[in-house]
Amino acid sequence: MALRTALLATVLALAVPGMAAGQDKPAFSADAIRADVSFLADDLLEGRDGGTRGYDIAARYVAARFTALGLEQAVPDSWYQPVTLAVATLDKDSAATLTIGGRRFDNGGDVVMGASGREPVQDLEADAVFVGYGLRSDREKIDDYAGLDLRDKWAVALSGAPVGMPSEIGAHLAAEKAMAAQKAGAIGLITIPSPGLLARTPWDRLKERANDPSVGWMQPDGRLYVRTPGIRGSAYAHDGAAEALLAGSGRTLAAIRAEAGKKGWRPRGFALKPLVRIERRSSVATAPSSNVLAVLPGSDPTLAGEYVLLMAHLDHVGVKPDTPGKDKIYNGAMDNASGIATMLAVAKAFAESGARPKRSILFAAVTAEEDGLLGSQYLAKHPVLPAGGKLVGVVNLDMPILTYDFQDLVAFGAEHSTLGPIVEKAAKSEGIALSPDPLPAEGLFTRSDHYRFVEEGVPSVFLMTGFAGPGKAAFEHFLKTDYHKPSDQIDLPFHWEAAAKFARVNYAIAREIADAAEAPRWYKDDFFGDAFAADQPKVAKPSMK
């Protein structure tokens, strides 16, 4: 009862209009953003892991805020789009193993693997083939499988992409490795960590994932959604396990990794000598969750059927009992209570502007981003738009680092479509510069929820606070000290006025998309437009001045 009372009081306080009807520039309250982050990052919500009670409380809170703002439900008679998560865990009484040429490697040593949601009892043995980086792209004229026989075999690939490949293209192709392996006829994919991956994520940290659950989502017919059903098994192999895979080939792990550090190097594939066998037992349980959705209908009869999606992920990683120290709750204040708070601030600005946007706005707080962009994938695959409705652009709000008064922004995705000039205009209106990606090796464009809509052909963008001035030190400090740790909580040194400024910029972007004469368009000859929206009309990319 006390929790409900506190929630209601906070919602009513935040529902008070911050501007007069018809005012051109809405006010953004730093205190309101702080209130939202404080509630969502409270210990009572237990880290908001998708499929848990804490997440459900957060979802109720967002729905209450949507109600207070007078928005409309996107799902008939509900604020929620149900998403049933399938959570697979490895059997604790039966070791998961990878046997290579008769040599057994236990999970959590030189091998890391997850549970199987499709084959609870698995014993799978086959030959293996080294496939270099395991990339395939007709557009880029890359085929690491050329001349190799992968039928009913394991594909063994280096992680990532060649040094020097454009970062976003490399990140996309790396994310498509399972699909490339499936097309080649492989039954599984074993990944050898590259030097680049190990520099960013040491093997000791990768090993921590050995017992993490594998999470997916259930289709309306009750079957687990699997994008690559032909890939029945996957694992990482390091040091001894990787050397065992290469035994008898005439190649060494040290030599391959040394070559992988060379710009543009792409090794040729070759058949491997040892048989590879995976054995594991898994159990699968379902957990109900939901995306929280609301609509602000557009005012223009000819454009209201076009929708702009403003989204943020509501989940974080929950409670981890094995975490050292007293604090086991991963509150996710920056990741991503700050993004949800920004979305709610923008929704409030739209609702109270006195001038409805011409296009409709769909607001979404999605589940299970931390489990693999699952809630956004479900929404992308199961649109809630009415008949004839079309999604034309996405603005994603994911983990802005708000511990400093940022002077620049990084707009991931802006260079691929006509969203670029819109973002630039909005940033300039706040005296903010746009900067290139300072972390190209991270492939961030492909790692957040908007990418599920890029895969459906929708131009998308998400903004990161930049590295100018104090930005680099603040950003790197957060990533090193607080990212996915219990310390990501409300007592971080938030700069709440910077949070309000971040909301203003994103409001300006969404407003411009919604009111523009034309919907966003992919640029001609853009990699992502060609890959996912080949049949859509394109426009020429403006020349650089």
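Select Arg139 first. At 35% relative accessibility, Arg139 counts as partly exposed; buried means under 20% relative accessible area, exposed over 50%, and partly exposed lies in between (1.4 Å probe, protein chains only). This is a predicted model, where local features need pLDDT of at least 70, side-chain atom pairs count only at pLDDT 80 or more, and totals for chains, interfaces and linings use all residues. Residues are numbered from 1 along each chain as its sequence is written, and side-chain values use heavy atoms, with hydrogens and water left out.

**Stop 1: Arg139 and its partner**

Asp530 and Arg139 form a salt bridge, with the closest N and O atoms 2.9 Å apart. The term means a side-chain nitrogen of Lys or Arg within 4 Å of a carboxyl oxygen of Asp or Glu. This pair links distant parts of the chain, 391 residues apart: Arg139 sits in the loop between strand E8 (136-137) and strand E9 (142-143), and Asp530 in helix H16 (residues 527-532). Element names are DSSP runs numbered from the N terminus: helices are H or I with at least four residues, strands are E with at least two. Asp530 is partly exposed too, with a relative accessible area of 30%.

**Stop 2: other salt bridges**

The structure holds 27 salt bridges. Next, select Glu176 and Arg227. Their closest N and O atoms are 3.0 Å apart, and they form a salt bridge. Glu176 lies in the loop between helix H4 (167-175) and helix H5 (177-183); Arg227 lies in the loop between strand E12 (214-217) and strand E13 (233-237), 51 residues apart. Glu176 is buried at 13% relative accessibility, whereas Arg227 is partly exposed at 36%.

Move to Asp405 and Lys501. Their side chains meet in a salt bridge of 2.7 Å, N to O. Asp405 is in the loop between strand E20 (390-396) and strand E21 (408-412), and Lys501 is in helix H15 (residues 496-515), so the pair ties together parts that are 96 residues apart in sequence. Lys501 is buried, at 12% relative accessible area; Asp405 is partly exposed, at 39%. Then pick Asp123, Arg277 and Glu279: salt bridges that share partners join them into one network.

**Stop 3**

Axes are lines fitted to C-alpha atoms, for helices over the stretch in contact, and angles run from 0 to 180 degrees between N-to-C directions. Angles under 35 degrees count as roughly parallel, over 145 as roughly antiparallel, 65 to 115 as roughly perpendicular, and the rest as oblique. Residues in contact (heavy atoms within 4.5 Å) include Ala345 and Phe350 of H10 and Phe502 and Tyr507 of H15.

H3 and H10 pack at about 15°, with axes 11 Å apart. That makes H3 roughly parallel to H10. Tyr61, Val62, Arg65 and Phe66 of H3 meet Ile340, Met343 and Leu344 of H10.

**Stop 3: the sheet**

Which order do the strands take in the open sheet of 6 strands? The order is E5-E13-E11-E10-E7-E14, with mixed pairing; two strands pair if DSSP finds at least two bridges between them. Strand E5 (111-112) and strand E14 (270-271) are the edge strands, each pairing on one side only. Finish on strand E7 (residues 128-130), which pairs with E14 in the antiparallel sense over 2 bridges. Here Val129 stands opposite Ala271 in E14.
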